[in-house]
Amino acid sequence: MIEKKVYLFDLDGTLIDTMDGFADIAGRVITDYHPEISFIEARRKYLETSGVPFFRQLEIIIPGCPTNSEKAAIFEETKKGVFFNISFSDDVRKTITTLRERGYIAGISSNNYQHLINQLIEREGLKFDIVLGFMEGFEKGRDHFDYVINKYNINKEELIFIGDSLKDAEKAIYNGISFIGLCNIFNPKDFLKLDRTIITIKKITELLNL
């Protein structure tokens, strides 16, 4: 087995506990525009499609709807109240710090906007080697993976991606990147349906003992 050199983490739901709050906001936004969809159903569909930007989630949930851009704008503005009221847990701080002390590269790959992540990282004071967020034409998945591989001059086998959504797993599998699923929204069986080789964990600190 080739030893991993870079641990790349999804942010929302993996390093910070924002998904319940985001799902509530998404549910309210969707039902405000589409009262025929129940809040429970809208919330469930948000979680099922998480791992891509919300404007893309809407095209999966309500494809071609002319108000999708309005809904996305409302969501992105409203979610800041959740995003900036969350801190990294002690387990996350311990895991990231320990990985870096052991000589690994630890970074973030998120579809949250780059400027928002930068503000969070500056406020929290937790050190990462690389922080990649969403920008037009540059997003979580192949764009981020290729950037990290080129920046650190590694093979893709030396990179591992850790995330909490099935979309995260799909992006890793499609690009030939090793993946570890953090069971929060989804359970081990959900991840294993995608690929029987996926390792799952319940706590982020389990990475230190793998």
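Analyst: One definition to start: an angle over 145 degrees between two directions counts as roughly antiparallel. Also keep in mind that this is a predicted model.

User: OK. At what angle do the axes of α1 and α4 cross?
Analyst: At roughly 150°. Here α1 covers residues 19–33 and α4 covers residues 68–78. Their axes come within 10 Å.

User: And what does that make them to each other, α1 and α4?
Analyst: Roughly 150° lies over the cut-off of 145. Therefore α1 and α4 are roughly antiparallel to each other.

User: Which hand does the crossing of α1 and α4 have, left or right?
Analyst: The crossing of α1 and α4 is right-handed.

User: Which residues meet there, between α1 and α4?
Analyst: From α1 come Phe22, Ile25, Ala26, Val29, Ile30 and Tyr33. They meet Glu70, Lys71, Ile74, Phe75 and Thr78 in α4.

User: Now α1 and α2. How do they cross?
Analyst: At roughly 125°, with axes that come within 8 Å. Helix α2 is residues 39–48. α1 and α2 are therefore oblique to each other. The crossing is right-handed.

User: Which residues of α2 does α1 meet?
Analyst: Phe39, Ala42, Arg43, Tyr46 and Leu47. On the α1 side, the residues include Phe22, Ala26 and Ile30. Phe22, Ala26 and Ile30 are also among the α1 residues that meet α4.

User: Where is Arg44?
Analyst: Arg44 is in helix α2.

User: Is Arg44 buried, exposed or partly exposed?
Analyst: Arg44 counts as partly exposed, because its relative accessibility is 36%.

User: How far is Arg44 from Asp24?
Analyst: Their C-alpha atoms are separated by 9.7 Å. Along the chain, Arg44 and Asp24 are 20 residues apart.

User: What about α3 and α4?
Analyst: Helix α3 is residues 54–61. The axes of α3 and α4 come within 9 Å and cross at roughly 135°. α3 and α4 are therefore oblique to each other. The crossing of α3 and α4 is right-handed.

User: Who touches whom between α3 and α4?
Analyst: Phe54, Phe55, Leu58 and Glu59 sit on the α3 side. Their partners in α4 are Asn68, Lys71, Ala72, Phe75 and Glu76. Lys71 and Phe75 are also among the α4 residues that meet α1.

User: Let's switch to the sheet. What order do the six strands have?
Analyst: The order is β3-β2-β1-β4-β5-β6. It is an open sheet, with parallel pairing.

User: Which strands are at the edges?
Analyst: β3 and β6, and β6 is residues 199–201. Each edge strand pairs on one side only.

User: How much are neighbouring strands turned against each other?
Analyst: By 25° on average, with direction ignored.

User: Which strands of the sheet does α8 touch?
Analyst: Helix α8, residues 142–152, packs on the sheet and touches β1, β2, β3 and β4. The direction of α8 makes about 155° with that of β3.

User: Zoom in on β1. Are its faces covered or open?
Analyst: Both faces of β1 are covered. Val6 and Leu8 are on one side, Tyr7 and Phe9 on the other, and all are buried.

User: How many bridges join β1 to β2?
Analyst: Four, and β1 (residues 6–9) and β2 run parallel. Tyr7 stands opposite Ala106 in β2.

User: And β1 to β4?
Analyst: Four bridges again, with β1 and β4 running parallel. Leu8 stands opposite Phe161 in β4.

User: How many residues of β2 are buried?
Analyst: Eight of its nine residues are buried, and β2 spans residues 105–113.

User: How do β2 and β3 pair?
Analyst: In the parallel sense, over four bridges. Strand β3 is residues 130–134. Ile108 has Val131 in β3 as its bridge partner. Between the two strands, the chain passes through helix α7, residues 114–124. This β-α-β crossover is right-handed.

User: What joins β4 to β5?
Analyst: Four bridges, and the strands run parallel. β4 is residues 159–163 and β5 is residues 178–182. The bridge partner of Ile160 is Ser178 in β5.

User: Last one. What is the phi of Asn153?
Analyst: Near 50°, a positive value in a residue other than glycine. Asn153 is in the loop between α8 and β4. Asn153 counts as exposed, because its relative accessibility is 70%.

How values were computed. Residues are numbered from 1 along each chain as its sequence is written. This is a predicted model: local features need pLDDT of at least 70, side-chain atom pairs count only at pLDDT 80 or more; totals for chains, interfaces and linings use all residues. Side-chain values use heavy atoms; hydrogens and water are left out. Buried means under 20% relative accessible area, exposed over 50%, partly exposed in between (1.4 Å probe, protein chains only). Two strands pair if DSSP finds at least two bridges between them. A crossover is right-handed if, with the strands pointing away from the viewer, the path from the first strand over the helix to the second runs clockwise. Axes are lines fitted to C-alpha atoms, for helices over the stretch in contact, and angles run from 0 to 180 degrees between N-to-C directions. Angles under 35 degrees count as roughly parallel, over 145 as roughly antiparallel, 65 to 115 as roughly perpendicular and the rest as oblique. A crossing is left-handed if the near helix is turned anticlockwise from the far one by less than a right angle, and right-handed if clockwise. Contact means heavy atoms within 4.5 Å.
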